Amino acid sequence: MSDVAIPYSVKPHPVTGIPNGKFAIWLFLASEVMLFGALFSSYILLRTGAPSWPHGADELNVPLATVNTMVLITSSITMVMAWASLKMGSLSKYRLYMAATLACSAGFLVIKYIEYSTKFHHGHYPSTSNFFGIYFTLTGLHGIHIIGGILVNAYLMIFTGMWKTDREHFENRVENAGLYWHFVDLVWIFLFPSLYLL
Amino acid sequence: MSVNANGHAETADAHAHGHADHGGAHHELPFWQKYIFSQDHKVIGIQYAVTALVFLFFGFTLMMLMRWQLAYPGRAMPFIGSLLTNGMPGGVMQPEFYNQLGAMHGTIMVFLGIVPLAVGGFGNYVMPLQIGAPDMAFPKLNMFSYWVFLPGGVVMLSSFLVEGGAAQSGWTSYPPLSDIATKGQTVWLLAMVLLITSSLLGSINFIVTIVQMRAKGLTMWRLPFFVWAQFVTSFLLLLAFPPLEAASVLQLMDRVAGTSFFLPSGLVISGEVLKVAGGGNPLLWQHLFWFLAHPEVYVLILPALGIVAEVLANNIRKPLWGYRLLVYATIFLGFMSFVVWAHHMFMTGMGTTMSTFFQTTTMIISIPSVIILTCFLISLYGANIRFTTPMLFAVAFLPMFAIGGLTGLPLGLTASDIYLHDTFYVIGHFHYVVAPGTIFAMFAGIYYWYPKATGRKMNDTLGRIHFWVSFVAINGVFMPMFFQGMAGLSRRLYDPTVYAHGRGVQPLNVVISWSVWLLALGQLPFIWNFFSSIRGGVKVSINPWDSTTLEWAAPSPPPHGNFLTDPVVYRDPYEYSVPGKATDFSPQFVEG
Amino acid sequence: MDSTHADPHGAASHDAHGPEEIAKHVRVYIMVFLSLAVLTGVTVGISYVHLGSHWMNIVVALVIASIKASLVAAYFMHLISEKKVIFWVLGLTALFFLFVIFIPMATIGETRHFSDPANSAAVVSAPHH
């Protein structure tokens, strides 16, 4: 559509050593660090300011969340394997690993749904206390990030035409989607102990 | 606005363009792709600029209404008052409506006016040209940024129409008042989420473009100062905005899902205890808000400093004094702006240790600001100055910005802030920075780059009328506010005459209000000039100001893809009056 | 970032990710995955043990989480072999991250009473909801 060819949109820049897309995704992740940093800061501030704060394990389902952590870690390795398969030249393996990633992400959301509905069933809502407020807000926002990742990954799994026409570009896209996905995993790695275990 | 009158030139140019490792036939883009959902940074820049100017004027209009109430409290407003039946029944302004106008004036001016104009408009249009790039690194993302910004703005304005009217808790939206305010506040938060998203996407695009897409020979130390300013600004947007996004999400949860992140326990409203879980901390919002909003102040001023640097260098006809010093000062300024935010919170009882910390950082951040201003002043010394219309605005910027900056010092010191906090003195202080400061720089930029965007110059006589009326009027608006503030008059007062100390300075309110209305009249020549010059302005060459930076190597208006041949940079940005040269300017793009 | 000046001396053939190289990486990925799984088990297990004080539990849990996060960032996100410009950005971000976490915390010393229910004197007189 655009007539203008943008330099370094596929090939790495000779000085920085990275293409535009990879730089952009890291900048985006930097802003995400600040987003979740501010939310963690809020959590700390509210918790240290509160006269009492429930122990996460007493209110939330730790076994279910542990399973969910494993599911998300698994999705991270399948994501990186999908990218590695592309690099090794196998589109079919890529698709397989990508499908596994999507299955894990869907599984994560299903488990999250079970957790949420149990909480609602017991009358625990965001308005119940600041503990539940923080719990629902942080996991909810994380869940939205998961959904975003699912959309991107599903698109990359289904529409692979670019692999034949512009292979390096496609590999870059998968790598960038992977960076985002690992970051979502990374956020969960901090959310899990701070909400459930402490 | 005509951006690219000559479609054939565009097609020919895209072929000639050297980066071409692409195939595909060129074709004339349909109207909606060329002007509406355009991916051309210049069209997007103009979309941003025009939208932002409209929003700026709208925000100014809100203030004109408020000034009636402040000058003549409780008196019915003739003509216009009778049109606003909801907010001003019988022409008399209601307190709630006054609060809405105040909150929306601030929000619109900052988030819908100046930032989109300075970064979205000027940054988008000028920056890729100045670095010799064919476009932004991500043209589609750039288009997307605009089309997230515009709905954000529309949603923000639409909040006037919801039940209970627009947000009325000030542009700072402090809880607990904002938590329990009418529905307009929820709309405000949703609009902010859109606007923040747009800014984030834009800043990513800017940083990647500046780092990756500079023309051959254009090292970082050869960048025009405007590009440096945009570069630092983008980092501020990228890293400071997310905490406000977090805060907006938390406040949305408070308002929509009933959480009490910002609501303390036992809050009593109109004699009744609020039925929420409680345990929240209203100061949490202030921390997150100011974590953004103080860097935001520098987002407002840095692009303005960039524009002033360009216009000054061009009109003093000699190199800008202390270019590297300017760049270092700007980077330091950007960095420090992240550790000064709580000087807005001296009155919250956060403790003397932290107050002293923030007082110290605030004093430190004034140093780079003074360095920048000093570099500009030394540049003027001994110069044979050309007083073109853009130069008038740029020169006026210097003392105005100085007044704004220096009056900030008493606010940054805890002892004097106790007295001045939340008075009209504060209003005078920051308006000197952003109104005769930033907005004057924006005007300078518009007059300066208009010939690049259209191939025609704006009318000089109208420009001079615009300048002198604006200059006199705007000082009439903001100078008296310092006296009112020192007399103790609080900001955000619906009726200042309810207090004895307010009645003493009430005549100044009449002066201010009439100055505001005069200022509005002064903008009419500009508006006429801006639109009529598109077709009626004097046609000029591609480098009418005899300038040295890369944007003047492109045709006016530049075609899609910008340059006819890939520009190569041979020298520093401001080589004016180099001894032994035939002309008094040596452009970056000319060899030898 | 002054090292990022643009004088293109041809597209550098930087690609360190040849197929053989990748095959070696895969083994590392699996090791990282296993470590993450073990560490998850450890952090859950240790949370049921009282380590003297609640603070000790917090510190241990956060240290384990940081190790896990570092593994993900270093190997899955290839940060271990990343370019300088990315480190500049992330270093800056890390610094501001520390500001946003610790500075608000440092100011609550004298504002804690806001969230204390014993202190229910906060009165706002505004029109009802």
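Q: Where in chain C is confidence lowest, and where is it highest?
A: This is a predicted model. Confidence in chain C is lowest in strand β1 (residues 123-124), at a mean of 48. It is highest in helix α2 (residues 54-76) of chain C, at 94. pLDDT runs from 0 to 100, so these two means can be read on that scale.

Q: What is the average pLDDT of chain C, and which stretches stay under 50?
A: The average for chain C is 78, and 71% of the residues score at least 70. Residues 1-15 of chain C fall below 50. Beyond near neighbours in sequence, that stretch still has 32 contacts in the model. Residues 119-129 of chain C are also under 50. The model gives this second stretch 21 contacts beyond four places in sequence.

Q: What are the corresponding values for chain B and for the complex?
A: Chain B has a mean pLDDT of 92, and 95% of its residues reach 70 or more. Residues 1-25 of chain B are an exception, with pLDDT below 50. That stretch has 40 contacts beyond near neighbours in sequence. For the complex, the predictor gives an ipTM of 0.96 and a pTM of 0.92.

Q: What makes up the fold of chain C?
A: Chain C has three helices and one strand. From the N terminus on, the order is α-α-α-β. Of its 129 residues, 24% count as buried.

Q: Which residues of α2(C) are buried, and what do they pack against?
A: They are C:N57, C:A61, C:I64, C:A65, C:K68, C:V72, C:Y75 and C:F76. Each is called buried because 20 or more other C-beta atoms lie within 10 Å of its own. Their partners are α3 and α7 of chain A, together with α1 (19-47) of chain C.

Q: How many residues does each chain give to the contact between chains A and C?
A: Chain A gives 46 residues and chain C gives 50. On the chain A side, α1 (20-49), α3 (62-87) and α7 (167-197) each supply at least two residues. The largest share, 14 residues, comes from α1(A).

Q: What kind of chain is A?
A: Chain A has seven helices and zero strands. Its C-alpha trace spans about 60 × 35 × 25 Å along the principal axes. Of its 198 residues, 53% count as buried. Among contacts in chain A with a separation of 6 or more, 74% join residues 24 or more positions apart.

Q: Why does the length of α7(A) agree with the helix rule?
A: At 1.5 Å a residue, the 31 residues of α7(A) should span 45 Å. The end C-alpha atoms are 44 Å apart, so the two agree. α7(A) also has a kink of about 30° at A:L191, shortly before the proline A:P193.

Q: What makes α7(A) count as mostly covered?
A: Of its 31 residues, 25 are buried.

Q: What is in the largest nonpolar core?
A: This core has 277 residues. Those with the most contacts inside it are B:V308, B:F393, B:F397 and B:A444. Helix α9 (residues 282-316) of chain B gives the most, with 23 residues. Residues that B:F393 touches include B:F440, B:A444 and B:F467.

Note on methods:
Residues numbered from 1 in each chain as written. Chains lettered and ligands numbered in written order. Predicted model: local features only at pLDDT ≥ 70, side-chain atom pairs only at ≥ 80, totals over all residues. Contact = placed C-beta atoms within 7 Å. Helix = DSSP H or I, 4+ residues; strand = E, 2+ residues; numbered from the N terminus. Buried ≥ 20, exposed ≤ 12 C-beta atoms within 10 Å, placed from the backbone. pLDDT = per-residue confidence, 0-100. Core = buried A, V, L, I, M, F, W, Y, C linked by C-beta atoms within 7 Å. Expected span 1.5 Å × (residues − 1). Bend = angle between axes of the 7 residues up to and from the residue.
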